[in-house]
Amino acid sequence: MAFVDSLLQKCKSLSHIKQLQAHLITTGLFRFYPSRSKLLDFCATSSPSLLPYATFIFHHIPCPYTNDYNAIIRGLALSHHPTRALTCYLRMSRASTKPDALTCSFALKACARALAWSEATQIHSQLIRLGFEIDVLLKTTLLDVYAKASDLDGARKVFDEMGRRDITSWNALIAGLAQGNQPDEALELFKRVELEGLKANEVTVLGALSACSQLGAIKEGEKIWDYVRVEGLDLNVQVCNSVIDMYAKCGFVDKAYQVFECMGCRKSLVTWNTMIMALAMHGDGRRAMELFEEMVRFGVCPDSVSYLAALCACNHAGLVDDGFRLFNSMAGCGVSPNMKHYGSVVDLLGRAGRLEEAFDIVKSMPVVPDVVLWQTLLGACKTYGNVNMAEQVSRKLVEMGSNSCGDFVLLSNVYAALERWDDVGRVREAMKNRDVKKVPGFSYTEVEGVIHKFLNGDQRHSSWREIYRKLEEVRFRIEAYGYAPETNYVLHDIGQEEKDNALCYHSEKLAVAFGLISTSEGTPIQVIKNLRICGDCHAVMKLISKIYEREIIVRDRARFHRFKEGSCSCRDYW
DNA sequence: ATAGGGTTAG
């Protein structure tokens, strides 16, 4: 039967396949396993263009074997329509053809791609009934499905119940936790790998480095980088890219650049994009743009991420004309702008006060603007006090069913700035009636290699009393410098719940206060925050950096803010 | 009744 394999390998087109199939039919082999399944598998998985032909043949088989099903399910699972694999799996169950471990594996793969959690649970119980639960590979796939479908508890349960686990099982859970917003858990798990007598490989470190990036865990990140070099894992581009990202996101853009420059392997498109994004995050717009050009000279063709990174860089550095020019040149270079590019350029123009141009772009773009884009524009309207546009934009947001607290606050601030109190009251009412939601803010800070997490108004930290006492002192001292909290008319009136989370206990302030009491004088304090830093915190950080003579580095959702001697690296343009 | 399945960077 080996000749079928070798002939399949030589098939370069559908007509070759058909010739081979005709040959198999005339020699009578096609009716039998395994030639037919092999041909099906080849068509279903070697190229998306052959998949329709595979399903065509499949539907003409009166009574498909398990392996015929496997071939089709595998192909469909990898296609753009993974749910079709599940339909096929269902058909198989009804035809009472017995699934084997591979059938389950392919079907689970389809669940992972379709994020089909409940289907995964059904396959889970089936594979137990079929007696496959000792299969490490299958259990790892299962674990991965749960993690991808954001059921991390489910993933962990599968992991805990595995009798035998190899490094891949660990990798799946570490990566799952890191991608599922549980980087602290991911890192804990990573530290246990060695204790279990297993050896971390390149996939393990990818997950762990991603966790470090998210947490700003530089101590652990550097340890991993050492390990990477000792084990020669730095010959892997993905690992290098992850290290660059880790250094950048932990605040060390120069170290990121060193790794970028001295890589022992070929740079990929992602490598360039990562480094451009790193410079953008650190507000170094000029260098980011230079790198973008260098990349082009180097013969690497920028993709949509490259453009986004460069636009972002212009945005953070206030390079309005450069950014606008870049945006306008995209289409000519074969990259059509997506929602994020539009968002970036609208932000760029909006911050520069070029509201009409920004609005024109929104009105004329070929894709339907999303909520975030309108919010960006609304933010600009607030900054420049354009009530007229703010009202139009707000109406759009309401039409789109936006329930974000921020939208209401922004509009009401536009009115408040013009002392239109009736309108302020109206917005406030609308807000009460709408059950607006807020994303909870949190911050991380690392002290002596330990990551501490703070939520807004949090009292869960063991030193919370000292932290709050320190904040009072801070407030007292900065008031002497003329600080007054940024009055926010809406926030003052939305009741008790908000009072607990008032401005002065924003998570980044708690984190900085903790840094002040737990590190020695002069040590920089670094904080990572999940949302954008608010105006009040920004003002407070500047004063703290001056009065306490501390460099404070805050990485927010968008970029780094370096507060030193009373001013910020973003030059208040953010 | 040769195989085929798990984790992976911006």
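Helices and strands here are DSSP runs, numbered from the N terminus. By that count, Glu549 lies in the loop between α30 and β4. The model is predicted. Chain A holds 30 helices and 6 strands. Its C-alpha trace spans about 95 × 55 × 55 Å along the principal axes. Buried residues make up 44% of the 574 residues in chain A.

**Contacts along the chain**

- Consider contacts in chain A between residues at least 6 apart in sequence: 62% of them join residues at least 24 apart.
- Cys265 and Asp234 give an example of sequence distance set against space: they are 31 residues apart in sequence and 7.6 Å apart, C-alpha to C-alpha.

**The sheet**

- The 6 strands form an open sheet. Their order is β2-β1-β3-β4-β5-β6, and the pairing is mixed.
- The edge strands are β2 (450–455) and β6 (567–568), and each pairs on one side only.
- Helix α30 (residues 535–547) packs on the sheet. This helix touches β4, β5 (560–564) and β6. The direction of α30 makes about 40 degrees with that of β5.

**Strand β4 and its neighbours**

- β3 (residues 525–529) pairs with β4 (residues 552–555) in the parallel sense, over 4 bridges.
- Two facing pairs can be picked out between these strands. Val527 stands opposite Val554, and Ile528 stands opposite Arg555.
- How does the chain get from β3 to β4? The path goes through α30, and this β-α-β crossover is right-handed.
- β4 pairs with β5 in the antiparallel sense, again over 4 bridges.
- A hairpin of 4 residues joins β4 to β5.
- Val554 has a bridge partner in β5 too: His561.
- Is β4 covered on one face or both? Both faces are covered. Ile552 and Val554 are buried on one side, and Ile553 and Arg555 are buried on the other.
- In a regular strand, side chains alternate between the two faces of the sheet.

**Helix pair α5 and α6**

- Helix α5 (residues 66–78) packs on helix α6 (residues 83–94). The angle is about 160 degrees, and the axes are 7 Å apart.
- An angle over 145 degrees counts as roughly antiparallel, so α5 is roughly antiparallel to α6.
- α5 brings Tyr69, Ile72, Ile73, Leu76 and Ala77 to the contact. α6 brings Arg84, Ala85, Cys88, Tyr89 and Met92.
- By class, this contact has 9 nonpolar residues, no polar residues and 1 charged residue.

**Helix pair α21 and α23**

- The axes of α21 (residues 339–351) and α23 (residues 371–383) come within 9 Å. They cross at roughly 5 degrees.
- Angles under 35 degrees count as roughly parallel, and α21 and α23 are therefore roughly parallel to each other.
- On the α21 side, the contact includes Met339, Tyr342, Gly343, Val346, Asp347, Gly350 and Arg351. On the α23 side are Val372, Leu373, Thr376, Leu377, Gly379 and Ala380.
- By class, the contact of α21 with α23 has 7 nonpolar, 4 polar and 2 charged residues.

**Cys265**

- Where is Cys265? Its place is in the loop between α16 (253–261) and α17 (269–281).
- Cys265 counts as partly exposed because 13 C-beta neighbours lie inside 10 Å. That falls between the limits of 12 or fewer for exposed and 20 or more for buried.
- Leaving aside residues up to four places away in sequence, Cys265 touches Leu235, Asn236, Val237 and Cys240.

**Two positive phi values**

- Most residues other than glycine have a negative phi.
- Ser150 has a positive phi, near 55 degrees, and is not glycine. Its place is in the loop between α9 (136–148) and α10 (152–161).
- Why is Ser150 partly exposed? There are 15 other C-beta atoms within 10 Å of its own.
- Glu549 also has a positive phi, near 50 degrees, in a residue other than glycine.
- Is Glu549 buried or exposed? Glu549 counts as exposed, because 11 C-beta neighbours lie inside 10 Å, and 12 or fewer is the cut-off.

Key: Residues numbered from 1 in each chain as written. Chains lettered and ligands numbered in written order. Predicted model: local features only at pLDDT ≥ 70, side-chain atom pairs only at ≥ 80, totals over all residues. Pairing = 2+ DSSP bridges. Contact = placed C-beta atoms within 7 Å. Axes fitted to C-alpha atoms, helices over the stretch in contact; angles between N-to-C directions. Parallel < 35°, antiparallel > 145°, perpendicular 65-115°, else oblique. Nonpolar A, V, L, I, M, F, W, Y, C, P; charged D, E, K, R; others polar. Right-handed = clockwise from strand over helix to strand, strands pointing away.
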